Amino acid sequence: VSGRLRCLSFHSVKGGVGKSTLSTVAAVQIAAAEPGVPVYLIDMDLTGTSLADVLPIEAPCWSGVAQNAPINLLSKPGGFHPRGDLQDLLAARELRDVSSDVIGVPFLNDFLLFATPDWDAQEEVPIASVAWRLTDGPQNLRVLPSSALPIDLERTLPVIYDEEHAGFLEARLEYLLDELVPSSGDVVVVFDTPPTIPGLSRSVLSLAFRLSRTPKTALSEDGQMPFRLEEAELDWKAFLVATLDYQDLRAAERWLSLVPEGDQSVITPLLNRAPSGDPQQVEALVREALLYSANPMLLRAIPVEEDPSLQLFRGERVPPVRDDLIRRILGKP
Ligand SMILES: Nc1ncnc2c1ncn2[C@@H]1O[C@H](COP(=O)(O)OP(=O)(O)OP(=O)(O)O)[C@@H](O)[C@H]1O
Ligand SMILES: [Mg+2]
């Protein structure tokens with residue numbers, strides 16, 4: 001018997017529509033509302049702005065390891081660095097040579113691209129080694145930021161843009177989720193993904209579809225799936241975020257039309273920066289924009305209104321608590 005994984009992921013065709021904002025608000029809100037539930041915010045935008053640059057978060061710290069010495073990710077960290085040390089730690093990471101040693105601060109990249117020297121070894125990076133915390137945030141929330149530092153792009157770009165590696169990244173994500181499966185109770189995982197659907201966003205979505213089927217579908221042809229994940233109860237909501245901009249709506253429609261019918265229940269369209277949070281008003285605007293021929297899923301999209309309090313990435317603010325918004329997004333009364 002095992003616990004339940006509740007996953008949320010935010011996807012979009014266009015960039016800049018609010019995925020990072022909404023995933024951050026969702027993670028903070030759920031963590032605040034359910035203090036006993038561990039919540040993980042996972043920054044899959046490996047080539048974009050790192051959440052470490054826009055949120056007040058603190059990196060894991062290994063006591064006794066000098067700032068310019070390699071970190072052993074296989075050993076668990078003992079605490080967190082003060083936020084003020086971050087610039088020096090990032091500089092130490094940038095200055096390392098191209099070896100796979102991790103110096104200064106760990107990022108999600110280090111988990112995703114981690115390969116033990118001996119593939120047979122049962123060693124895996126504990127999630128704690130790449131889990132940062134939000135200064136003054138809920139204690140049960142951890143953020144796994146990615147790094148787009150030039151030295152990291154050298155390693156990640158070939159993996160992300162080579163279709164041959166898509167399966168590798170999806171398998172790594174599967175391992176990550178496997179590690180997060182609780183033995184009882186719930187764990188919440190929120191994925192922020194990069195814009196456009198191919199690449200990493202596709203890997204997250206493919207995982208969402210596979211794990212939401214009954215029975216779950218394995219990635220590999222041998223049908224093997226990480227054990228805990230296979231046993232776990234899984235509840236995944238993938239949001240397609242768009243705005244009311246005409247081209248964005250058209251692109252979202254096209255995207256929705258490509259989702260296989262059997263997987264559609266995983267997807268929830270969400271219209272961000274709407275003039276109103278009233279679903280009927282926003283439905284009327286969608287009908288008007290798309291000349292009365294809109295995809296029915298898009299007509300039922302959840303509206304999130306334009307709201308200056310959601311501009312959280314200006315000046316590294318701790319995200320506001322927005323219970324009303326999250327209830328609407330999660331479809332709770
Ligand atoms: N509902 C909202 N009301 C007001 N501003 C918003 C809202 N949602 C997002 N924004 C603002 O829109 C901008 C883009 O948001 P965000 O960075 O979350 O988008 P994104 O989809 O993650 O972008 P990217 O595709 O580049 O990763 C930010 O400045 C953010 O503050
Ligand atoms: Mg983003």
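Helices (H or I, at least four residues) and strands (E, at least two) are DSSP runs, numbered from the N terminus. With that in mind, select Glu164, in the loop between α5 (150-161) and α6. Glu164 is exposed, with 72% relative accessibility; buried means under 20% relative accessible area, exposed over 50%, and partly exposed in between (1.4 Å probe, protein chains only).

A word on what you are looking at. This is a predicted model, in which local features need pLDDT of at least 70 and side-chain atom pairs count only at pLDDT 80 or more, while totals for chains, interfaces and linings use all residues. Residues are numbered from 1 along each chain as its sequence is written, chains are lettered from A and ligands numbered from 1 in the order in which they are written, and side-chain values use heavy atoms, with hydrogens and water left out.

**Two helix pairs**

Two packed helices are described by the angle between their axes and the distance between the axes. Axes here are lines fitted to C-alpha atoms, for helices over the stretch in contact, and angles run from 0 to 180 degrees between N-to-C directions.

Select residues 166-180 (α6) together with 200-212 (α7): their axes come within 9 Å and cross at roughly 55°. The two helices are therefore oblique to each other; angles under 35 degrees count as roughly parallel, over 145 as roughly antiparallel, 65 to 115 as roughly perpendicular and the rest as oblique. The crossing of α6 and α7 is right-handed, a label used if the near helix is turned clockwise from the far one by less than a right angle, with left-handed for anticlockwise.

Show the side chains next. On the α6 side you will find Ala166, Leu169, Glu170, Leu173, Glu174 and Leu177, which meet Leu200, Ser203, Val204, Ser206, Leu207, Arg210 and Leu211 of α7; contact means heavy atoms within 4.5 Å. By class, eight residues in this contact are nonpolar, two polar and three charged. Here Ala, Val, Leu, Ile, Met, Phe, Trp, Tyr, Cys and Pro count as nonpolar, Asp, Glu, Lys and Arg as charged, and the others, Gly among them, as polar.

For the second pair, select 19-33 (α1) and 323-330 (α12), whose axes come within 10 Å and cross at roughly 105°. That makes α1 and α12 roughly perpendicular to each other. Leu22, Val25, Ala26, Gln29 and Ile30 of α1 make the contact with Asp323, Leu325, Ile326, Ile329 and Leu330 of α12. Eight of these residues are nonpolar, one is polar and one is charged.

**Into the cores**

Which members of the largest nonpolar core touch the most others? Select Leu5, Leu177, Trp236 and Ile267, out of 65 residues in that core. A nonpolar core is a set of buried Ala, Val, Leu, Ile, Met, Phe, Trp, Tyr and Cys residues joined through side-chain atoms within 4.5 Å. The largest share of the 65-residue core, seven residues, comes from α7.

Center on Ile267: leaving out residues up to four places away in sequence, Ile267 touches Leu205, Phe209, Ala238, Leu240, Trp255, Leu256, Val259 and Met297. A second, separate core has 43 residues, including Val39, Leu51, Ile151 and Phe239.

Thr268 is in strand β12 and is buried, at 14% relative accessible area. Beyond neighbours within four places in sequence, Thr268 contacts Lys237, Ala238, Phe239, Leu240 and Ile302.

Move to Ala301, in the loop between α11 (296-299) and β13 (302-305). Ala301 is buried, at 6% relative accessible area, and its contacts outside four places in sequence are Pro269, Leu270 and Leu271.

Then pick Glu305 in strand β13. Not counting residues up to four places away in sequence, Glu305 touches Arg273, Ala274, Ser276, Gly277, Leu310, Arg322 and Arg328.

**Backbone stops**

Most residues other than glycine have a negative phi, and most peptide bonds are trans. Arg273, in strand β12 (residues 267-274), has a positive phi near 60° and is partly exposed at 44% relative accessibility. Asp136, in the loop between β8 (133-134) and β9 (141-144), also has phi near 60°, and is exposed with a relative accessible area of 71%.

Finish at Pro215, in the loop between α7 and α8 (227-231). The peptide bond from Thr214 to Pro215 is cis, with omega near -10°.
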